[in-house]
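The sequence and structure come before the account.

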Amino acid sequence: MIRVVLPHHLRTLARVGREVELQVEGPTTLGLVLDTLETRYPMLRGTIRDHVTQKRRPFIRFFACGQDLSHLPPDALLPDAVAMGAEPFLVVGAMAGG
Amino acid sequence: MNGVRVLVGTRKGAFILTSDAKRGRWDIGGPHFAGWEIYHLKGSPADPNRLYASQTSGWFGQVIQRSNDGGKTWEPAGNQFVYDGVPGTHQWYDGTQHPWEFKRVWQLEPSLTDPDTVYAGVEDAALFRSSDGGQTWQELSGLRSAKGNLWQPGAGGMCLHTIVLDPSDPQRIFIAISAAGAFRTDDGGATWQPINRGLESKYELPDSTAEVGHCVHSIAMHRSRPGVLFMQKHWDVLRSDNAGELWREVSGNLPSDFGFPIAVHAHEPETIYVVPIKSDSEHYPPEGKLRVYRSRTGGNEWEALTKGLPQSDCYVNVLRSAMAVDSLESCGIYFGTTGGQVYASADSGDSWSAIVRDLPAVLSVEVQTLP
């Protein structure tokens, strides 16, 4: 199971708690985790990645195991600790000043 | 229930205000979609329990919400707005051509007859239609052929913010774009023409009477006379008596003819309302006095409506989609401010009171008159 932590506004949109668990069928790449998340919660399509280009939205960040994974390509494998469910994969809304 | 439901979109959520027909006591519902920008929400004239809402965020993009029970519960609908074909380009701030990029939905206009058909006006300016209750959206791309390459964003973005459906002719739609102007289709959205003759923008455009480029702020129509349109432009209040073929200024004795919304009385097609704002540089009421102005002559002759509105130290704005009317026997007028107040008048504007005072900044106000 992959554990995914969503930001507050996406939790309310998807009507889930802080953390969701996903069964990812295949290698635990960034792209496949996001595909699986959007398949399970279709209302999240377009809110994390652009519908067409599949690029991460500008003010979304991906963190895990103390690392910023935001700039990984979609086919990059996530850390083993995430793949094994020991650590969560964090979808984060970037900080806003003011 | 015989009464009214006021749908309020704000910077931080949606609120639904309900009252019986007396409009003296109000129930405040919400926030719905707390923390999200709600640019607009509107009910279907064919089914008042069907509502649509545009929910947006700088972080998470666009969501469309739909309710089938008058706003008690909501479900996300489709949020994929893809321009038809190659998106093309429009004029950019630096004079170069810039590709069309979807940013958000400013306006949702449900069909007058089918609850599952709804139009969406978006930024960058385009018109989309859904015929499956908002699940999928198709662009009416002929609009961008109406000199779209010359359109240019204003400071507020290049948004399609006004959609007016002709109740007498389902093939005819009027729309307005900042800063491109007003446009009309007579064939259901396949082809469009600019309808900006008579507009003059001497401070905003190098060619003050250009065919496109005018900063139209809003357009209103009375359903009994769909050929008569009223417009609040950046500067100037205007009317057209021939479906936009020609406009003439009717600013008359207004203290300022800058402003954003314009509305028509539900039962008096020549009675119109605006909220004068000091200038494009100072977006608040002249002299710090919040005044709605009413003309009972279709323009030119205006009277200030002040009873119940703050007449000193008031520096709020009223945005383009933030004024609406109900259709009860004594027509109700409603508007929301950037200070979070929603004011209502149950007597055609003669007197006002605040339904609620401390909402987030109000972006839009729509009213449903319930049977």
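Which residue in E5(A) is the bridge partner of A:Ile60? The partner in that strand is A:Gly93.

## Model and conventions

This is a predicted model, in which local features need pLDDT of at least 70, side-chain atom pairs count only at pLDDT 80 or more, and totals for chains, interfaces and linings use all residues. Residues are numbered from 1 along each chain as its sequence is written, while chains are lettered from A and ligands numbered from 1 in the order in which they are written.

The model has ipTM 0.93 and pTM 0.96. For chain B the mean pLDDT (the predictor's confidence in each residue, from 0 to 100) is 96, with 100% of residues at 70 or more.

## Fold of chain A

Chain A contains 3 helices and 5 strands; these are DSSP runs numbered from the N terminus, with at least four residues (H or I) for helices and at least two (E) for strands. Their order from the N terminus is β-α-β-α-β-β-α-β. The C-alpha trace spans about 35 × 25 × 25 Å along its principal axes.

## Sheet

The 5 strands of chain A form an open sheet with mixed pairing, in the order E2-E1-E5-E3-E4. Two strands count as paired if DSSP finds at least two bridges between them. Strand E2 (19-22) and strand E4 (67-68) of chain A are at the edges with a single partner strand each, so one side of each has no neighbour in the sheet. Strand E3 (residues 60-64) of chain A pairs with E5(A) in the antiparallel sense over 4 bridges.

A:Val91 belongs to strand E5 (residues 89-93) of chain A. A:Val91 is buried because 21 other C-beta atoms lie within 10 Å; the cut-offs are 20 or more for buried, 12 or fewer for exposed and partly exposed in between, with C-beta atoms placed from the backbone.

Beyond its neighbours within four places in sequence, A:Val91 has contacts that include A:Val4, A:Leu10, A:Ile48 and A:Phe62. A contact means that the C-beta atoms of two residues, placed from the backbone, lie within 7 Å.

## Contact between chains

Chain A supplies 13 residues to the contact and chain B supplies 13 residues. On the side of chain A that touches chain B, helix H1 (residues 8-14) of chain A gives the most, with 3 residues.
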